[in-house]
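This report covers one predicted model. Please keep the sequence and the 3D view open while reading.

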Amino acid sequence: MPETITIEVWRYRPEQDSEPAWDSYEVPLRKEWAVLDGLNHIKDQLDGTLSYRWSCRMGICGSCGMTVNGEPKLSCSTFLTDYAPGPVRVEPMRNFPVIRDLVVEMGDFMAKLPTVKPWLVSGDDEPDEDAEYLQTPVEMDDYKRYSMCINCMLCYSACPVYALDPEFIGPAAIALAQRYNLDSRDAGAEDRRDVLASAEGVWACTFVGECSVACPKDVDPAGAIQRYKLTAATKAVKDLLLPRGAR
Amino acid sequence: MTTKRSPEPFAWLLFSAGGMVAALLVPVLLLLFGIAFPLGLLSAPDHAYLASVVSHPITLLVLFGLCVLALLHWAHRFRYTLYDGLQLKKYGVPITICCYGGAIVGSVVAAVVLLRAL
Amino acid sequence: MSTRDAASSEQRLYRPPVSLTWWLRKPSYLLFGLRELSSVFIAWFVVYLLMLVYAVSSGSAAYQDFLDLSANPLVLILNVIALAFVLLHTITWFGLAPKAMVLRLGARRVPPGVILAAHYAAWLVVSAVVAWVILR
Ligand code: SF4
Ligand code: FES
């Protein structure tokens with residue numbers, strides 16, 4: 001194994017550059033080092049001006065998403081040795097405006113997420129404070145996969161439809177809506193339908209499937225969208241055929 | 001958002017039905033009539049027999065369903081191919097009219113051709 | 001959503017352009033593009049099928065003309081390409097179908113592999129029936 005590896009970092013410094021540029025750094029190549037450790041080495045030892053986000057270093061907080069050699073990755077869970085002998089190219093997540101270096105503007109996702117009401121909507125007008133809402137393991141299996149989402153936005157970064165149509169509500173928001181729609185304790189499916197079943201909701205998706213490939217938590221947002229298309233289409237047919245009361 | 005009355009779910013259901021019918025039926029038909037018979041790998045059925053198959057009402061019904069659904073499948077998918085592949089979403093309305101208009105014209109032609117075979 | 005624009009008035013955001021050939025950037029994007037293009041060849045097949053039916057119902061001479069046309073190298077090449085695209089359509093279609101369908105038997109969810117196998121079995125049966133009707 002070579003002693004070092006070259007990391008090529010995409011740099012954008014809005015106060016001095018009008019165009020992005022590449023900077024190269026040599027970092028030690030260690031078996032236990034992720035790309036994020038390489039970036040931390042750069043920031044601590046070589047170039048303190050480098051900007052990027054991270055927190056947990058263990059694939060939980062979802063803040064360290066980047067494009068590594070062209071693929072959307074969590075930089076804390078992507079190991080340098082997998083790219084030896086290098087170089088490793090690190091870019092910001094695609095499909096988002098870049099604030100600086102590897103830091104992207106995520107306001108768009110933050111604005112869209114609450115529109116699908118990603119929380120339990122109670123069916124009762126006056127919920128009983130002390131009530132327990134029981135659920136069997138089989139019922140939990142219906143949505144458990146979607147509840148693993150860490151909001152890292154790698155799926156948006158992988159999605160060409162989002163790149164072309166920024167109004168698209170996007171993979172994670174729809175998967176999270178399904179996380180609650182499929183929860184036996186939730187009564188909010190009808191509330192979420194206006195957003196999900198709109199032209200900028202599931203119908204914008206052409207099932208490229210890259211979001212599910214990119215997802216580090218195996219959430220399968222493409223599957224969630226596809227499933228909701230079937231649900232929304234069934235509902236639309238019912239709306240057409242059945243009188244109001246019978247739905 | 002005026003969403004509940006959007007035609008998208010119906011377009012999608014027809015797209016899906018067409019995709020399924022095409023996936024099941026088109027490979028075998030294209031393999032036989034487009035490749036195996038012309039290349040002489042299999043001998044083509046004689047005219048009298050094929051005419052009797054084609055003029056059967058069940059055959060005509062299946063072929064009509066196949067043509068209409070496959071064209072609607074094309075209309076939906078091709079519309080998105082133009083939107084995304086060539087970034088033409090700003091011309092969404094004329095593209096939609098051309099694609100579904102084409103599918104409707106094609107369906108009428110199919111009906112005429114198939115009725116003629118009855 | 002307006003948040004993007006609101007932010008841009010204070011910051012100098014860099015917005016990477018989307019190239020017209022984005023679908024060439026990755027093999028998986030290219031495969032997606034080809035899959036979407038398959039619809040063109042399905043439309044071509046409808047045209048070809050209607051030509052066949054028209055010829056058959058016009059008499060045996062017209063049918064022979066159709067057979068001659070189908071043996072024309074250009075038509076043959078077109079049909080070979082079309083078959084490749086149609087097979088791509090079928091395989092990808094069956095591969096994606098289990099994602100939309102969630103079937104249950106009692107409380108248990110039918111595994112995606114079983115749904116996939118059922119699609120291939122149906123394809124085999126339909127193809128065999130069609131071939132039998134035509135070749136009998
Ligand atoms: S669905 Fe997966 S890729 Fe998308 S934000 Fe959630 S964890 Fe990240
Ligand atoms: S630093 Fe938290 S997910 Fe990578």
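The side chain of Asp186(A) reaches the backbone nitrogen of Gly188(A) at 2.8 Å. Its side chain also reaches the backbone nitrogen of Val121(A), at 2.9 Å.

Asp186(A) sits in the loop between helix H6 (171-181) and helix H7 (189-196) of chain A. Helices are DSSP runs of H or I, at least four residues, numbered from the N terminus. Asp186(A) is buried, at 13% relative accessible area (buried means under 20%, with a 1.4 Å probe and protein chains only). Leaving aside neighbours within four places in sequence, its contacts (heavy atoms within 4.5 Å) include Trp119(A), Tyr180(A) and Arg192(A).

## How the model was read

The model is predicted: local features need pLDDT of at least 70, side-chain atom pairs count only at pLDDT 80 or more, and totals for chains, interfaces and linings use all residues. Residues are numbered from 1 along each chain as its sequence is written, chains are lettered from A and ligands numbered from 1 in the order written, and side-chain values use heavy atoms, without hydrogens and water.

## The interface of chains B and C

50 residues of chain B are in contact with 51 residues of chain C. The two chains bury about 4,600 Å² between them, 77% of it on carbon and sulfur atoms. Buried area is the accessible area (1.4 Å probe) lost on being put together, summed over both parts. Leu30(B), His47(B) and Arg77(B) supply 15% of the area that chain B buries here, more than any other three residues.

Arg77(B) also forms a salt bridge with Glu36(C), the closest N and O atoms being 3.4 Å apart (a side-chain nitrogen of Lys or Arg within 4 Å of a carboxyl oxygen of Asp or Glu). The count between these chains is 1 salt bridge. It is 15 for residue pairs in polar contact, both at pLDDT 80 or more. On the side of chain B that touches chain C, H1(B) gives the largest share, 21 residues.

## A buried tryptophan in chain B

Trp12(B) is found in helix H1 of chain B. Trp12(B) is buried, with a relative accessible area of 6%. Beyond four places in sequence, Trp12(B) touches His76(B) and several residues of chain A, among them Trp203(A) and Leu230(A).

Key
Polar contact = N/O pair within 3.5 Å; in protein donor to acceptor, adjacent residues only side chain to side chain. Helix = DSSP H or I, 4+ residues; strand = E, 2+ residues; numbered from the N terminus. Buried < 20%, exposed > 50% of the residue type's maximum accessible area, 1.4 Å probe, protein only.
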